[in-house]
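Visitor: I have a few quick questions about this one. Can you walk me through it?

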Amino acid sequence: IGLLTMPRFSNNDFFTAGRALERVWLAANKDNIQVHTASLSTLIFNSLKYADNHGFTEYMEKEAKELRKEFETIFALDNTKVDVLLLRFFIAPPPKKRSVRYPLEKVLSFL
């Protein structure tokens, strides 16, 4: 399990987090480690903290706040970082079939 964090809740930090995620994902795959994102928890927790109108009922908000406390304990979090994405790493057998991909020249144009 891994948790990608950034110093602030900002567009720039989330962009940087995406770049970091790409590097982690590529390094893991190079070593035959599979990566699975599990972003629902971080979405809910960030919605509670940063959204003006998160849309949760009182019961859901209370339950999410209790789960957040457990999450903070598990990952030794404090208020100095923003959690961006939860990741699961595992060793899996190679896929039985590869995804069909368009040739690169059909999806990118080069000047």
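Guide: Here is a short tour of a predicted model, starting with a helix and ending with rings.

Visitor: Fine. How many residues does helix 1 have, and how far does it reach?

Guide: Helix 1 has 20 residues. From first C-alpha to last it reaches 29 Å, close to the 28 Å expected at 1.5 Å a residue.

Visitor: Which residues in helix 1 are buried?

Guide: Asp13, Ala17, Ala20, Leu21 and Ala28 are buried. Seen down the axis of helix 1, the buried residues fall within an arc of 110°, so they line one face of the helix.

Visitor: Why would residues three or four places apart point the same way?

Guide: An α-helix has 3.6 residues a turn, so residues at that spacing point the same way.

Visitor: What covers the buried residues of helix 1?

Guide: The cover includes strand 1, strand 2 (34-37) and strand 3 (82-90).

Visitor: And which exposed residues sit on the face turned away?

Guide: That face of helix 1 carries Asn11, Asn12, Phe15, Arg23, Leu26 and Lys30, which are exposed.

Visitor: Back to Asp13. Why does Asp13 count as buried?

Guide: Its relative accessible area is 3%, and buried means under 20%, so Asp13 qualifies.

Visitor: What does the Asp13 side chain join up with in a polar contact?

Guide: The side chain of Ser10, at 2.7 Å. Leaving out residues up to four places away in sequence, Asp13 also touches Met6, Pro7 and Arg8.

Visitor: Where does Pro7 lie?

Guide: Pro7 is in the loop between strand 1 (2-6) and helix 1 (11-30). Pro7 is partly exposed, with a relative accessible area of 46%.

Visitor: What is Pro7 in contact with, beyond neighbours within four places in sequence?

Guide: Asp13, Thr80, Lys81 and Val82. As for Thr73, its C-alpha is separated from that of Pro7 by 18 Å, and the two are 66 residues apart along the chain.

Visitor: New topic. How many aromatic pairs are there?

Guide: The count comes to four.

Visitor: Which residues do ring pairs link into a cluster?

Guide: Phe9, Phe14 and Tyr50.

Terms used: Residues are numbered from 1 along each chain as its sequence is written. This is a predicted model: local features need pLDDT of at least 70, side-chain atom pairs count only at pLDDT 80 or more; totals for chains, interfaces and linings use all residues. Side-chain values use heavy atoms; hydrogens and water are left out. Helices (H or I, at least four residues) and strands (E, at least two) are DSSP runs, numbered from the N terminus. Buried means under 20% relative accessible area, exposed over 50%, partly exposed in between (1.4 Å probe, protein chains only). Contact means heavy atoms within 4.5 Å. A polar contact is a pair of N or O atoms within 3.5 Å; within protein, one must be able to donate a hydrogen and the other to accept it, and residues adjacent in sequence count only if both atoms are side-chain atoms. The expected span of a helix is 1.5 Å times one less than its number of residues. The arc is that of the directions from the helix axis to the C-beta atoms. Rings of Phe, Tyr and Trp (its six-membered ring) pair if their centres lie within 6.5 Å; planes under 30 degrees apart count as stacked, over 60 as edge-to-face and the rest as tilted.
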